[in-house]
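Welcome, and take a moment to bring the model up on your screen.

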Amino acid sequence: MICRGPECGDHRGSAPLFEQFRAALVRHGLANDAEVAWQSCFGRCTQGPNVLVREIVDSAAPTLGSGFATAPGPRGVTALYNRIDATRIDRVITEHVMAGKVVRDFIEPTGILGSYLVGSKQKDSKQ
Ligand code: FES
């Protein structure tokens, strides 16, 4: 699920990301086993675009407190990835969707401390 709220969608290119994920699923032979969907917002706009990967279950997964996430499926492999762009799609698909392993490199800490650390990291990487 890819967020498309005004911040990520309009400013950070969620629409092209959506199509790139769909094309990558086809390229990896998963067109009939996985789907790409929209989520209005995950409440993590400063770290977007964000992509939630979870199992598709027959019945609706129970909603957690915020309404922005769902409980893990039967295999328990659910992750919200941050700052996803075209260069990160193949790892999400091959490592998480295909192999069931969370790509921890693409998950940032939450909250004020997380934003501070992420902001510092970005600033440093441009120097
Ligand atoms: S629009 Fe992407 S997390 Fe809010």
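Helices here are DSSP runs of H or I with at least four residues, strands are runs of E with at least two, and both are numbered from the N terminus. What you are looking at is a predicted model, in which local features need pLDDT of at least 70, side-chain atom pairs count only at pLDDT 80 or more, and totals for chains, interfaces and linings use all residues. Residues are numbered from 1 along each chain as its sequence is written.

Now step back to the whole chain. The protein chain has four helices and four strands, and along the sequence they follow the pattern β-α-α-β-β-β-α-α. Of its 127 residues, 20% count as buried. Buried means that 20 or more other C-beta atoms lie within 10 Å of a residue's own; with 12 or fewer a residue is exposed, and in between it is partly exposed, the C-beta atoms being placed from the backbone. Among contacts with a separation of 6 or more, 57% join residues 24 or more positions apart.

Next comes the core. In soluble globular proteins, nonpolar side chains tend to be buried together. A nonpolar core is a set of buried Ala, Val, Leu, Ile, Met, Phe, Trp, Tyr and Cys residues joined through C-beta atoms within 7 Å. The largest one here has 14 residues, and Ile 2, Val 51, Tyr 81 and Val 92 have the most contacts inside it. Two or more residues come from each of β1 (2-3), α2 (14-27), β3 (51-53), β4 (79-81) and α3 (89-98). The largest share, three residues, belongs to α3.

So which residues of α3 are buried? They are Ile 89, Val 92, Ile 93 and His 96. Seen down the axis of α3, these fall within an arc of 110°, so they line one face of the helix; the arc is that of the directions from the helix axis to the C-beta atoms. What covers them includes α2, β3 and β4. Val 92 touches Val 51, Val 53, Tyr 81, Val 97, Val 103 and Phe 106, not counting residues up to four places away in sequence.

Helix α2 can be read in the same manner. Its 14 residues should span 20 Å at 1.5 Å a residue, and the end C-alpha atoms are 20 Å apart, which agrees; the expected span is 1.5 Å times one less than the number of residues. The buried residues of α2 are Ser 14, Leu 17 and Phe 21. They cover an arc of only 50° around the axis, which puts them on the same side of α2. Their cover includes β1, α1 (6-12) and α3. On the face turned away from the buried side, α2 carries the exposed residues Pro 16, Glu 19, Val 26 and Arg 27. Just after α2, Gly 29 takes a positive phi of about 75°.

The loops deserve a look too. Lys 101 is found in the loop between α3 and α4, and counts as exposed because it has 12 C-beta neighbours inside 10 Å. Its C-alpha atom is 7.2 Å from that of Val 77, although the two are 24 residues apart in sequence. Val 102 also lies in the loop between α3 and α4 (111-126), but is partly exposed, with 15 other C-beta atoms within 10 Å. Leaving aside neighbours within four places in sequence, Val 102 is in contact with Val 77, Ala 79 and His 96. In the loop between β4 and α3 sits Arg 83, whose phi is near 50°, a positive value in a residue other than glycine. Between β2 (38-39) and β3, the loop holds Pro 49, and the peptide bond from Gly 48 to Pro 49 is cis, with omega near 0°.

Finally, consider confidence, given as pLDDT, the predictor's confidence in each residue from 0 to 100. The mean pLDDT of the chain is 81, and 71% of the residues reach 70 or more. Over residues 64-69 the pLDDT is below 50, and this stretch has eight contacts in the model beyond near neighbours in sequence. Residues 115-127 also have pLDDT below 50, with four such contacts.

Definitions and conventions
Contact = placed C-beta atoms within 7 Å.
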